[in-house]
Amino acid sequence: MSRYTAVTESDRSAMLEAIGVGSLDELFAEIPVELRRERPLELPDGLGEAEVFAHLRELAARNRSADDEISFLGGGFYDHYVPAVIDMLLERSEFLTPYTPYQPEVSQGGLQAMFEFQTAICELTGMDVSNASVYDGPSALAAAGYLAKLTNGRPRFVISRAVAPQARETLRTLSAGFGTTVTEVGLRDGATDLAAWTEAIDDEVGAAFVALPGYLGTVEDLQPLVDAARAHGALVVCSADPIALGILEPPGSYGVDVCVGEGQALGNRLDFGGPSFGFFAARAEHLRRMPGRIAGETRDLDGRRGFVLTLQTREQHIRREKATSNICTAQALNALAGVVYLSWLGRAGLCELAELIARRTAYARERLCEIEGVHAIGGGPVVREFAVSLGLPDRDSVRRVVLRCAGERVCPGHPLGRDVPEHPDGLLVAITERRSREEIDLLADVLGRALLAERASSAAAGGGGS
Amino acid sequence: MSVAPPVGAEEVRTIFERGAPGRRAFVAPALDVPERPLDELIPARLRRREPARLPEVSEPELVRHYVRLSRRNFDLDSGFYPLGSCTMKHNPRLHERVAALPGHARLHPLTDPARAQGALELMWRLERALAEIAGLPAVSLQPSAGSHGELAGILLTRAYHAARGEPRRTVLTPDTAHGTNPATVSMGGYQVVHLGTDARGGVDLDDLRAKADRDVACLMLTNPNTLGLFDRNIAEIVRIVHDVGATAYYDGANLNATLGISRPGDAGFDIVHFNLHKTFTQPHGGGGPGSGPIAVSAALEPYLPHPVLVRRGGAAGNGSSAEFDLDYDRPLSIGRLRGFQGNYGCFVRAYAYLCSLGAAGLRDASETAVLNANYLLARLRELGVTELLPPAYERLCMHEFVLSGAPAKRELGVRTLDIAKRLLDHGYHPPTVYFPLLVEEALLVEPTETETRETLDEFAQALAEILREAREDPEIARGAPYTTPVRRLDEAGAARRPVLRQGL
């Protein structure tokens with residue numbers, strides 16, 4: 001008996017007797033002897049609650065979290081303030097511990113929250129319909145690829161390199177199963193190369209993928225990209241940042257078919273990358289090919305308003321191999337955080353938040369570009385994130401500069417070199433409402449000094465820094 | 001039951017129907033940088049013309065709305081939840097506490113690995129423990145749920161056959177499989193070939209032998225299967241599949257029956273997925289988050305999703321002296337399946353659970369889960385419930401069992417759905433219904449190890465009472481539930497005329 005089970009010795013004998021067997025072992029008689037394990041698993045012994053807590057706290061203490069330093073990391077996950085009401089609501093047993101709402105009569109809370117979430121996502125993205133969440137942003141983008149495959153069956157996808165590298169990679173991974181090839185179109189001055197984009201799209205392209213803003217922070221005019229793709233009958237999928245949509249014209253206005261994105265910024269923790277949620281919204285004509293759960297409004301026998309999971313004939317448990325997706329468990333609790341967060345911000349609040357961030361981001365970009373050797377990658381408008389070139393020779397020198405800043409408790413951003421090899425000395429810098437002007441000034445100061453020190457030490461070592 | 005009576009007589013309102021223009025819960029920090037006209041920052045044509053019509057509510061309104069909503073949910077913390085195949089075991093609150101520690105919850109995924117050593121060590125320890133439980137050498141924590149793990153496994157299979165120059169076309173799945181299996185097969189670009197079930201509830205070996213050919217890429221099998229039965233031919237099944245060069249995939253949805261008792265790797269399986277939100281008690285959140293790590297054999301290890309977590313002896317080649325690192329240089333990898341490293345918050349909880357239980361506790365959990373299931377079935381027999389709801393197979397079960405409601409439907413005119421709905425009035429979440437598909441009017445019952453004997457007794461009594469009542473007046477069950485926030489809902493109407501968002 002462990003602390004989570006309740007069968008005492010006397011319970012056990014009574015229960016075995018009721019079953020009509022003499023021992024626990026007999027219950028496992030169906031397992032062939034050669035597959036039954038006699039030795040215990042080679043795992044540590046169990047610990048008491050206080051010991052487990054101490055061990056997990058010790059592991060936590062060996063991480064440098066966003067509480068330990070001033071962090072300018074972004075790249076899809078952002079250090080926004082998560083209001084206390086979200087912690088309080090998500091800890092409620094009634095939201096935390098149910099399974100997927102298979103019995104709607106006792107799941108009205110979760111189902112209504114899904115319905116509200118879908119409404120908020122439609123409003124944010126300018127799309128007609130939304131599902132109740134998928135795993136995360138990158139997997140949402142790949143799921144849109146499957147929708148395109150089911151819709152038009154064409155053999156090729158085209159994706160702008162403005163889309164986050166991890167989302168592009170995820171699409172590529174899943175496309176091996178779809179039997180679809182993926183063509184990437186590069187950037188010019190931070191925005192999708194329109195000539196190359198137009199060249200890449202033909203009647204064999206099933207879907208074309210764009211981003212708002214791009215991974216390097218740049219906001220580009222989506223209309224020419226969308227028009228070029230639609231002229232060939234390709235579906236257009238836009239990956240969007242939900243906070244930036246507080247200030248940017250939503251993808252729906254450009255006529256995209258599907259809008260997906262990463263939802264972490266909406267009231268979810270950083271959590272070293274998950275769980276968060278992905279959102280998936282589309283034009284009404286794609287409704288019956290959408291993946292995942294969708295809540296719908298209806299009435300009960302007495303005429304009372306209620307909510308159910310609906311259009312389930314799309315789903316794996318009904319349609320099996322003909323389903324629009326294999327997804328079952330998604331991210332309901334994280335999506336709940338998302339809709340509570342959007343309600344907490346409210347109509348005016350989201351705009352104010354996005355405007356504040358946009359102003360601070362513009363300020364930060366100017367401040368960093370005043371540092372000798374640093375210049376912006378792409379000159380276009382930005383909302384919450386921007387990329388700079390540090391004027392360093394390689395990735396290792398960027399990493400040394402970042403670690404030097406970390407010594408002063410500033411994490412200056414994400415080195416781009418691995419994911420965006422065309423910018424080996426690039427740094428992606430993200431701003432949230434938590435990063436004050438004072439902190440941005442400190443970043444400029446610390447980064448400036450770290451770059452000086454790096455150049456001095458590489459000059460001393462006879463290195464080739466420019 | 002936690003479900004509150006309907007909130008007054010008031011009509012249900014959504015958050016969009018509350019509040020008033022100008023109300024808010026959020027106040028933005030003061031502007032501390034020069035206030036430049038927005039036109040200078042972002043051209044007007046790219047800016048939003050109309051704000052998103054989000055709710056306008058105060059914080060008290062917001063809290064009251066969602067607390068009231070929560071009271072319209074049934075939840076595991078307040079009631080028995082024997083939902084078959086979902087392993088609704090107790091979710092220790094310790095796990096929420098440790099997952100919320102800032103060192104875990106506030107760690108950015110792009111933090112340099114040298115500065116996230118605690119997180120990477122936790123993931124390493126979890127990987128090693130899962131490898132030991134599966135009996136397979138390599139693990140990827142990246143997949144976000146069971147079905148995502150399945151997709152990883154099928155894409156690994158595809159890469160494995162492609163590397164050997166043997167593209168194949170089909171995947172075998174038993175007719176008892178979860179719907180995720182065939183759906184995954186399609187997403188992975190293969191055709192589904194169904195396998196029949198024999199009289200004892202296992203894979204029909206003759207059917208398997210007839211269908212196993214060189215076109216088969218993989219067999220996907222759940223064991224114990226969705227009938228709650230361990231397939232005693234498992235080693236022979238794997239042998240047949242391996243003889244044609246296919247991979248053997250073990251859907252770990254039902255792993256809660258066999259922890260420390262039998263390992264899929266020892267039976268020869270090449271790929272196993274875990275559901276951390278089932279077997280390892282990550283709370284399910286009303287439909288996620290989950291986490292679906294996979295364990296694989298040495299032959300499939302090169303194809304695992306990247307980045308791969310590595311432990312380095314001494315200094316690493318990249319100038320890092322960190323012990324744990326993320327390796328992106330994996331030329332044969334299928335690539336990523338999602339962003340970053342997976343659902344780390346779920347890893348923290350699952351790892352805490354493993355620390356609490358240890359080897360002996362895991363085995364005890366499975367033994368008790370199987371004991372509880374068989375005991376509940378015995379109680380149902382004793383009370384005569386099985387006369388109208390007989391088990392689909394007269395055998396000892398593993399951690400769950402399937403009843404058929406066919407006799408109750410025939411003799412009382414009460415369907416499985418009616419029984420499930422009447423259980424709601426008794427304060428229970430019903431079992432999984434109408435699955436597996438090959439059992440008529442199925443009820444799939446999984447009590448889990450964390451329930452007391454008294455709860456099982458009471459649940460058995462409730463089922464007996466529902467059948468007794470139905471004999472006298474079947475209309476009662478047909479009209480159930482009566483005590484829930486709403487009664488039966490018009491699902492057909494919802495699908496026919498979909499209302500999927502609030503009109504504004």
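Where is Thr281(B) found?

## Basis

This is a predicted model in which local features need pLDDT of at least 70 and side-chain atom pairs count only at pLDDT 80 or more, while totals for chains, interfaces and linings use all residues. Residues are numbered from 1 along each chain as its sequence is written, and chains are lettered from A and ligands numbered from 1 in the order in which they are written.

## Positive phi in chain B

Thr281(B) is found in the loop between strand E6 (271-273) and strand E7 (294-296) of chain B. Helices (H or I, at least four residues) and strands (E, at least two) are DSSP runs, numbered from the N terminus. Phi of Thr281(B) is positive, near 55°, in a residue other than glycine. Thr281(B) is buried, with 26 other C-beta atoms within 10 Å. Buried means 20 or more other C-beta atoms within 10 Å of the residue's own, exposed 12 or fewer, and partly exposed in between, with C-beta atoms placed from the backbone.

Thr87(B), not a glycine, has a positive phi of about 50°. Thr87(B) lies in the loop between helix H2 (59-70) and helix H3 (93-99) of chain B and is buried, with 27 other C-beta atoms within 10 Å.

## Cis peptide bonds

In chain A, the bond from Leu212(A) to Pro213(A) is cis, with omega near -15°. Pro213(A) is in the loop between strand E7 (205-212) and helix H10 (223-230) of chain A.

In chain B, the bond from Asn223(B) to Pro224(B) is cis, with omega near -10°. Pro224(B) sits in the loop between strand E4 (216-222) and helix H9 (234-243) of chain B.
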